[in-house]
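User: I have a model open and want to go through it. Can you take me through some of its features?

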Amino acid sequence: MALESRLSSHYCDLHVHIGRTSEGQAVKISGSRDLTFEGIAKEAAERKGIELIGIIDSHSPGVLRDIRALLDSGEMNEAEGGGIAYRGTTILLGAEIEIREPGRKECHVLAFMPDLAAMENFSGWMAKHMRNINLSSQRLYAPARELQDEIYGRGGILIPAHIFTPHKGLYGCAAERLAELFDLERIAAVELGLSADSEMAGYISELDGYTFLTNSDAHSLGKIGREYNVIEMAQPSFSELRLALERREGRRVSANFGLNPRLGKYHRTYCAGCGSIIDEAFATSERCPYCGGQKLVQGVFDRILAIADRDRPSIPAHRPAYHYQVPLEFIPGLGKRKLEALLEAFGTEMRILHTASQAELAVVAGTELAGQIVLARSGTLELSSGGGGTYGKVLKPKGAATSCTEQ
């Protein structure tokens, strides 16, 4: 009891990309230029209120040089328990890696290392098995289980990324079961991705023992925290995260906050022939019901039902609540000026979403927007489904739509 009494809740987003190094070198081609290591740290600490942030392009040599420079300058320091400390926020050093086993499509995994020395060493190993170690999400020319050996041999952890998406998600395109690719004992958690939630994942029994993570996969500063987790830890660090993912010593993920899956851009099956999103009960046909075409991109929901080993989802007792929440920037009518006023009044986006009352919000943003924010935090805004690479929409009260754009 004494041990658990020292624990507290921390907001955590463990999947953020780097767009450029401080020298201007590209890391994630599709990422924003202001997504530098230092820029992400400042956004997380000062604007978002994220206390544990995973930067998953930390393997890039240019990024490693930036980290060393920030440590040498005293702007940041190595955190007790692992990670890089900056103004109350801890940065976890990670890499997103593409693997492709023979006869299968490619999929992405996240690897996190306990400290900078381990990441530098891991980067050196990957450079021997990768065509361009400088870039994000590159193909590793080594077997999946050898990758596990290298990660866990350095004290790291592996997390399959956005597991259900048809674009490089493990279940989405590479396999029907994790065991087809990996040693199940050396998977720390799984990341659901923007088009799935805990209930949908409950159709697949091999996931019952794993902790679920909801992360942003941010390609711009604004998208940081569009999905996040609340984790009970003594402090934000690598070692505490590992305990939480294993649900040991009172540490645990206590809540997942994410987009309603209907907003995800791969939620439903999409017809590339006529551009329709097939928002039926279950898209079972190999042909589009609207045009008869066969150019279908299977959506996450339909893929899960196709590979399910249960007739209905099962939620294990350890699984935390999954809260549907629409990010502030997606709320119709909430422009940059109003958002800045809210941030000036309440400090961070997490405080706006979790702490401020509707009456307090109304003083700053007006009654209508305050009501919209409260609906956003409870996940009750009216939505239309996404699919085929197009996000779903948050609908305005009178029926006009504002789309949720990416990157």
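This is a predicted model: local features need pLDDT of at least 70, side-chain atom pairs count only at pLDDT 80 or more; totals for chains, interfaces and linings use all residues.

User: What lines the second largest pocket, and which residues lie nearest its centre?
Analyst: The lining of the second largest pocket has 18 residues, and Arg47, Gly222, Glu329, Lys336 and Leu339 lie nearest its centre. A pocket here is an open set of points on a 1 Å grid over the protein atoms alone, where a 1.4 Å probe fits, with protein on both sides within 12 Å along at least five of seven lines; lining residues have an atom within 4 Å of a point.

User: Which elements give two or more residues to that lining?
Analyst: Helix H2 (37–48), helix H10 (336–346) and helix H11 (349–354) do. Helices (H or I, at least four residues) and strands (E, at least two) are DSSP runs, numbered from the N terminus.

User: And the volume?
Analyst: The second largest pocket has about 330 Å³, where volume is the space filled by probe spheres set on the grid points, joined across faces, edges and corners.

User: What is the lining by class?
Analyst: Eight charged, seven nonpolar and three polar residues. Asp, Glu, Lys and Arg count as charged, Ala, Val, Leu, Ile, Met, Phe, Trp, Tyr, Cys and Pro as nonpolar, and the others, Gly among them, as polar.

User: Now the whole chain. How many helices and strands?
Analyst: There are 13 helices and 18 strands. Of the 407 residues, 56% are buried, meaning under 20% relative accessible area with a 1.4 Å probe, protein chains only.

User: Which residues have the most contacts inside the largest nonpolar core?
Analyst: Phe37, Ile97, Phe122, Leu147, Phe164 and Leu207, in a core of 95 residues. Helix H4 (residues 116–127) gives the largest share, six residues. A nonpolar core is a set of buried Ala, Val, Leu, Ile, Met, Phe, Trp, Tyr and Cys residues joined through side-chain atoms within 4.5 Å.

User: Switching to Glu101. Buried or exposed?
Analyst: Glu101 is buried, at 18% relative accessible area. Its place is the loop between strand E5 (89–99) and strand E6 (107–113).

User: What does Glu101 touch?
Analyst: Not counting residues up to four places away in sequence, Glu101 touches Ala142, Pro143, Ala144 and Leu181, contact meaning heavy atoms within 4.5 Å. The C-alpha atoms of Glu101 and Ala142 are separated by 8.6 Å.

Notes:
Residues are numbered from 1 along each chain as its sequence is written. Side-chain values use heavy atoms; hydrogens and water are left out. Buried means under 20% relative accessible area, exposed over 50%, partly exposed in between (1.4 Å probe, protein chains only).
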